[in-house]
Amino acid sequence: MAQAEELHDIPSELSFKPHTFIGLFGLDILNNASHRAIWDAFINIRRHDKVSVHYKLFTPENVLPPTKPKRHSYEWYIPKGILKRNWMSKYLYSIPSVMVIFYDLEWNDPFWNERTLECASRVQSVRAALEGRTTKIAVVLIQNGPTIPTVDEAITTERASSLCAVCELNAKNLFLLPNNEHLQGYSLRLENAFYDLAQTFYHQKVRTIRSHKDHLNKTTHQYLFVRHQFKMGFLNELKQDPAIANKHYAQAYSHLLDIRIVDTNALEIKTAASFINFKLCQIAFSLNTPRDAISHFRKHVEIFKSVVGTADLSFEHYSWLSKQYLIFGEIFNEAIEQGLPAVQTQHPGIYFQQAAQYAVKRREACQNFPETTSYPHPDPLDGQQDLEFYGQRPWRPGKLSAEPLDAFKEKEAVCALQIKESAVNHSMLIISILGKAITQAKTYRCHRTRRQLVVWMAEEYYHTKDFKKALALLSHMLWEYRGEQWSSLLSNALLKALDCVYQSPNVSEYVSLALEAQAPAVALEADLKKFLFQNTIKLLKGDMPVAPDGISINENNAAHWKAAIAANIEIKPLSVEMSNITSFLEVKASFTRESFHTNESLPVKVIIRSKCVHDVPLSKATLIIDSASHSIELEVKPGSKDLAKLTCGLIKEFTCMFCVKEDDVGKEFHIRSINIWMGNSPEESVILRYLAQDNLKSKEIELFGSNSKDIFMFENFPQHIKCNVLGKNAHLEISCSYPTPALLGEWFPVSVELENNEKSIISSLIVKASLSDAAKDDSMHEQASYLCIDPLKETSGHNTSISIEQGTLKENTKCSFSFHFKSLLQGTKGVALSACYTLGTSTKCETNKIINIDVVKPFDVVTNFLAPKLDPATRANTKESFVLMLELRCLSPWPLLIESTKLELAPQITCVDKNIKSLLENETLSTEEVGTEAFHVTIETERDQPLSAGLYSVCWRRQCINSVLASSSIVLPTLSRVDPAPLFVELELPANGWVGSPMAALYRIHNRTDHLLEVEMSLQASDAFMFSGQKQMKLRLMPSVVYTFAYNLYPLLSGLVALPLLKLTPTELSSDIKASQLSDLLERSLPSHIYVMPKAKGKSEISN
């Protein structure tokens, strides 16, 4: 008999989606190239719909399954099983729904009659082979010519009818296939026709099976109710109708539950149930109804969960349950790969995990097998693959539950099944399932579930005695459990890892794990911790550790340990990175100061606290201190009695002295690690390496223990793991003077004075000035602060640091120099001054000073755009001038001399005045004084996007002697847009008028376009004026021509009176001009009022 895994597997016929089966006959693909091309065209069709077709090439040598005799009555028929083994494969691979006969026959063949008889003979031979079957027959005539020959329609009809008559063929089943460059397209059209015929075949089969229902009864034919519904479901799948197939499978499952389950038929019923459940779940997922699939699977498991069957074969039941969960998980995963969404609470990993749990129960059921001497002979499991029905026993095939059993055969068969089950490697089966569950847990970020499954997998590897793989998995989980600080999980994983290391000897791994077991976070008994610690000491001495209780040891274990210990002796001393594990010691180290001088020794303090339940022997302790160029190792002397033993809970403090050389001035040192040599002597010790960093705080509850004072002192121990080395104390005084604040963009002078207060002459005096950290710009800005000695002499003024050599300086004397600073950003900027010198022959000294310089703006510039009427504007019009007004307000505490100003307009903007002269040149502005400049500009082209006006540059300096010239540039604001102005209107009037005195008014209209414009002009009446001239007219304005219209205005009122309103209206010929456009033009171009003076005394009135 096959193993249980094979027994409960889904057959290959069920595992994939059924394809419509169509047979092709008459193609010689080995000897005929055109036939080969036709065959390739059919098998390479790529359909875009969900229809799938399977083609098979039939030859005369193919033998079809024999036809069963038709049954007219089921009255005395008793079924021997539920699902037959060969039925599905028969309709998938042997019996085609359509048999397509290919024949080379041109439509205009001269030997048409002879070839027709030959074709009919081939059809009759195929029909004879299919006798008793309802398989549809179709004939395809291959046309090998380049095109279909043109034949008279009457002849075509006659020949088609005669061929169908001779072949006894329906006219709809006769097709032509031209073998040319369009073969792929013709093949696709033929496949559609074949598929329609196949639908008819499967529909007839379903009707035939359904007709048997009237002849069945539920007393003796319960198996047939299940079988027939299953067949109809499968045939509907072949018909590519999954919804109807799902209904038949559901009916089959319902009928299956009506069957009474006993020990003899339990396996067969569960097997049939698993097949039907598989199809129901698979179709539900494909129809995008995952809730139905999950619901049915849970119901399926709940129904058969208690159907164990014979107690001696309970392992088969757990194997069946495990397989159900595994298969459903795989179906679920396939649906997800096809686009079905899943969530963290419902994904395939849940079912894989359950499958693994039942696989464990299967293994547990095997542990109670009785001892057997030999395998039964003859083999009661022979013939398992030859059984007619799924799920039946080979020693009693086709037996119904009512028939008595052969007790002897049953006993021998159970014995054979148990012997074969004992040979199964259950752990590897569980590991493979767990691998799938872990993959799903990773995908859906179920981190704790993943860790649990990995530990479970490690236990299974341990069960298979693959200790190295088990240890590798546990090592990964230990790393994660340390981060979670989950004591119980860490403890269990650590114990299992120790067992793995003992079974697969590795000295460094065992020592590392045994030391971690001493930590208080590991919840182990004190005796077990002490046992592991003693084993560690034994290994350090070169002795073999004692085996822990409760594990079975391989006979070669001692030899493996000796080899591992011998290999470890060659690489002594052994070291453990304690930052990677949970430690039983807490170690801190600190410099007593953050900086010190070369002529001093700096104390370095080390404190150690033990959390081990027993005393810990120490033989040595060292500190590793690093700089950028080298490392230094400091040692706590091994002769110290305080270092010999550490007691639980007590804190010990040690001090080392740290000295440096003259060459280390300016370097930064940091404590990299603290190395503790645990053991009775350095030769028999393990090095515990601790990184110098802030240790984790103790739990709050510990602060109230008996040693709370020591714990508080340890937790609040000040840590300085970095220190800077300074030179000898310098006695050189640096003083600076500068007229703060500095102005933005100027070279600001800084005067420096040095005074030597040393007792002897100093030499090699170099002063360095650089930007301090506060003055360095961040990554969002370019470099904006600079230093130089003399801006008038240096060509490059973009230095961030400068050096001034002063040579020697006698005692109690002074020297001075100056440098310049410039900043392009406001705020407080820092400049660091560093004076380095040599005292005597080799003693180097250094002193530093930082000065802060406030930087403010020298002036503020306000820009305004003014329309022709001097109204503020944000946009302009083409070829209409406007005013650009600049106001320069002095913000400096000191007067500023404006050397010159320069306006750089954008290329689109031009100045109306050809010679632009600065109005502020050589002017002096005091604090809060304002200088104004105005420019008359115009724009020639329209623009939809904002337009920058340009750049305004000012050259200035402080009004004092020896001040350096500075330049500031201001980016002018933007105009929102430039609108087109097709017309321009201007009015020429005297400055004022007199009541009763006529005055001339000239209107000039400019057509600034390149085409003819037609507008209507009217001058509306006013209560303040009488006027003479044309009141209304239609104008035809030629391109680029100026038209002048004269009016005489007679004022009637005095004061600021409104002028007669001029109105322009576009006609239909000027559709590109809008009325609103002309209205805005007149409003901004023409004055609306004029001052009219009252009539002078003594002037005579003008008669009417």
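Author: Let us begin with a definition: a residue is buried under 20% relative accessible area, exposed over 50%, and partly exposed in between (1.4 Å probe, protein chains only). The model is predicted, so local features need pLDDT of at least 70, side-chain atom pairs count only at pLDDT 80 or more, and totals for chains, interfaces and linings use all residues. Residues are numbered from 1 along each chain as its sequence is written, and side-chain values use heavy atoms, with hydrogens and water left out.

Reader: Is Ser 52 buried or exposed?

Author: Ser 52 counts as buried because its relative accessibility is 16%. This residue lies in the loop between H3 and strand E2 (53–58); helices (H or I, at least four residues) and strands (E, at least two) are DSSP runs, numbered from the N terminus.

Reader: Which residues are in contact with Ser 52, leaving aside its neighbours within four places in sequence?

Author: Contact means heavy atoms within 4.5 Å. On that basis, Ser 52 touches Pro 18, His 19, Thr 20 and Gln 240.

Reader: How are strands of a sheet paired?

Author: Strands pair through backbone hydrogen bonds, either parallel or antiparallel. Two strands count as paired if DSSP finds at least two bridges between them.

Reader: How many bridges join E19 to E23?

Author: Strand E19 (residues 748–756) and strand E23 (residues 814–823) are joined by 8 bridges. Within this pair, Val 752 has Phe 817 of E23 as its bridge partner.
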